[in-house]
Amino acid sequence: MTSFAVINPATEEVVRSVALTSAEETDTAIARARAAFPAWRAVSPGDRARLLRRFADAVEGDIENLAQLEVTNSGHTIGNARWEAGNVRDVLNYYSASPERLIGKQIPVPGGVNLTFAEPLGVVSVIVPWNFPMPIAGWGFAPALAAGNTVVLKPAELTPLTAIRLGELAREAGIPEDVFQVLPGKGSVVGQRFVDNPAVRKVVFTGSTEVGKQIMAGCAAQVKRVTLELGGKNANIVFADADLEKAAARAPYGVFDNAGQDCCARSLILVQASAYDKFMELLEPAVKGVVVGDPGLEATEMGPLISAQHKQKVSSYISSDSPVAFRGSAPEGDGFWFPPTVVTPSGLQDPLASDEIFGPVVAVVRFEDEADAVKMANHTEYGLSGSIWTRDVGRALRVSRGVEAGNLSVNSHSSVRYWTPFGGFKQSGLGRELGPDAVDAFTETKNVFISTEE
Ligand code: NAP
Ligand code: MG
């Protein structure tokens with residue numbers, strides 16, 4: 001197979017055929033990226049900053065087109081897709097400030113002067129999953145380019161269209177062709193060459209924990225740098241003292257956004273036993289009110305799942321014996337639809353409460369007290385995000401410190417701001433993206449001592 005038929009998940013229609021990059025073509029692209037590196041790192045900081053800002057402007061000018069591509073390719077709601085394209089613009093603008101701020105240290109030493117330099121790594125590879133094709137690409141390529149690296153990027157086989165367009169926009173903005181290359185193709189072919197080809201100095205991977213472990217093991221052979229953003233089974237902890245109306249009204253959007261295909265989805269709701277009945281009463285209309293349908297319509301809040309195969313995986317969790325409390329709606333007919341579904345398993349041993357289902361399924365489980373809540377939130381091998389709903393500030397901070405996860409929100413479900421760090425504890429990942437320090441992950445610290453002896 002040399003090409004891949006991209007399918008619209010809302011209609012099952014074939015959108016376009018995309019050529020798949022071979023292993024040989026991948027090696028050629030890596031060689032070109034390596035050859036382009038000396039000139040790119042030598043571009044003056046101000047000029048590299050200007051090029052990144054021009055790239056951001058090109059994205060800004062193409063937001064509607066990028067958003068429509070994502071609606072068609074990924075079934076994202078148009079509102080989300082516009083935000084995602086805007087996020088690429090914002091991340092480029094944010095890291096365009098970095099080239100002029102790759103500041104080293106002058107450290108006092110006897111007999112000379114000691115300086116540190118932040119050196120680029122060389123060729124950086126970025127492997128992107130299908131759930132957020134635009135933002136996850138940008139979180140990798142923007143800081144990598146800013147630090148003076150050249151980049152090869154592989155979108156998910158299912159969702160290559162926006163990445164291909166971003167590659168075109170980079171060229172229109174004046175970024176040299178070999179400095180940023182987009183290589184659509186298979187993980188087992190293109191992604192594997194990123195791991196195995198020694199000219200690639202770093203792999204930035206977002207996707208499943210299973211593949212992430214293989215990549216880490218593969219990179220170990222060359223002590224290749226890795227950043228991993230993997231799965232999550234994130235708890236939304238609701239204490240009895242919380243604003244229950246608000247907690248219940250927001251809970252569906254903390255898990256069903258992007259049809260639950262979000263590593264930060266709060267797919268385990270832990271509710272304090274004394275507030276459980278009231279919370280469930282409030283949650284039902286909120287879940288039934290989620291607008292599921294044509295992702296191109298402005299009012300739509302949730303679209304389809306990404307593929308027939310993924311729908312099958314999500315569906316396998318729900319049978320006639322499942323403890324379903326209530327469900328929302330979903331269109332009939334063509335498209336990979338699955339309704340928002342609330343389940344009440346008896347405990348955390350149930351896969352409904354412990355697996356990353358990656359679809360619109362949320363488990364609600366009771367807890368007794370604060371210690372119990374923290375213990376239950378920490379029961380999984382994951383540790384990516386989570387939420388805490390309480391009116392008690394001390395409790396909010398104690399529980400925030402107790403939950404082993406990289407991104408927590410109190411009385412909110414927000415996880416991602418491009419200027420704050422993002423990443424996981426435990427098997428949810430390694431390293432951090434975004435925020436003021438992300439560029440450090442794309443440089444090596446070099447120490448130079450200069451003798452002043454006569
Ligand atoms: P995946 O297999 O981990 O895919 C993620 C990316 O890695 C894709 O670009 C994939 O390429 C590539 N890849 C696959 N095998 C590779 C290999 N051996 N070497 C290098 N790259 C490789 O994820 P998936 O199969 O799409 O989804 C499976 C599950 O992973 C989901 O159900 C969900 O639980 C989880 N997931 C998590 C996230 C997240 O944000 N943390 C994102 C997506 C999925 P191909 O597209 O060609 O396979
Ligand atoms: Mg896979």
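Me: Before we look at strand pairing here, what does it take for two strands to pair?
Reply: Happy to start there. Two strands count as paired if DSSP finds at least two bridges between them. In this predicted model, β15 (residues 385–389) and β16 meet that mark, since they are joined in the parallel sense, and the number of bridges is four.

Me: Which strands stand at the edges of the open sheet?
Reply: Let's follow the order of its seven strands, β12-β13-β14-β11-β10-β15-β16, with mixed pairing. The two end strands each have a single partner, so one side of each is left without a neighbour in the sheet. On average, and ignoring direction, neighbouring strands are turned by 20° against each other. The edge strands are β12 (324–327) and β16 (407–410).

Me: At about what angle does helix α10 run to β12?
Reply: Helix α10 covers residues 276–288 and lies across β10, β11, β12, β13 and β14. Taking β12 from that group, the angle is about 35°.

Me: Which residues are in contact with isoleucine 175, leaving aside neighbours within four places in sequence?
Reply: Isoleucine 175 is one of the core members that touch the most others. Its contacts include two of those members, Phe55 and Phe180.

Me: How much area do domain 1 and domain 2 bury between them?
Reply: The C-alpha centres of the two domains lie 31 Å apart. Across the boundary, 26 residues of domain 1 are in contact with 31 residues of domain 2. Carbon and sulfur atoms carry 57% of the buried area, which comes to about 2300 Å².

Me: Is glutamate 100 buried, exposed or partly exposed?
Reply: Glutamate 100 sits in the loop between α4 (78–95) and β3 (106–107). Beyond residues up to four places away in sequence, glutamate 100 touches Pro45, Gly46 and Ala49. Its relative accessibility is 42%, and the in-between class runs from 20% to 50%, so glutamate 100 counts as partly exposed.

Methods. Residues numbered from 1 in each chain as written. Chains lettered and ligands numbered in written order. Predicted model: local features only at pLDDT ≥ 70, side-chain atom pairs only at ≥ 80, totals over all residues. Heavy atoms only, no water. Buried < 20%, exposed > 50% of the residue type's maximum accessible area, 1.4 Å probe, protein only. Contact = heavy atoms within 4.5 Å. Core = buried A, V, L, I, M, F, W, Y, C linked by side-chain atoms within 4.5 Å. Axes fitted to C-alpha atoms, helices over the stretch in contact; angles between N-to-C directions. Domains from an automatic or database assignment. Buried area = accessible area lost by both parts, 1.4 Å probe.
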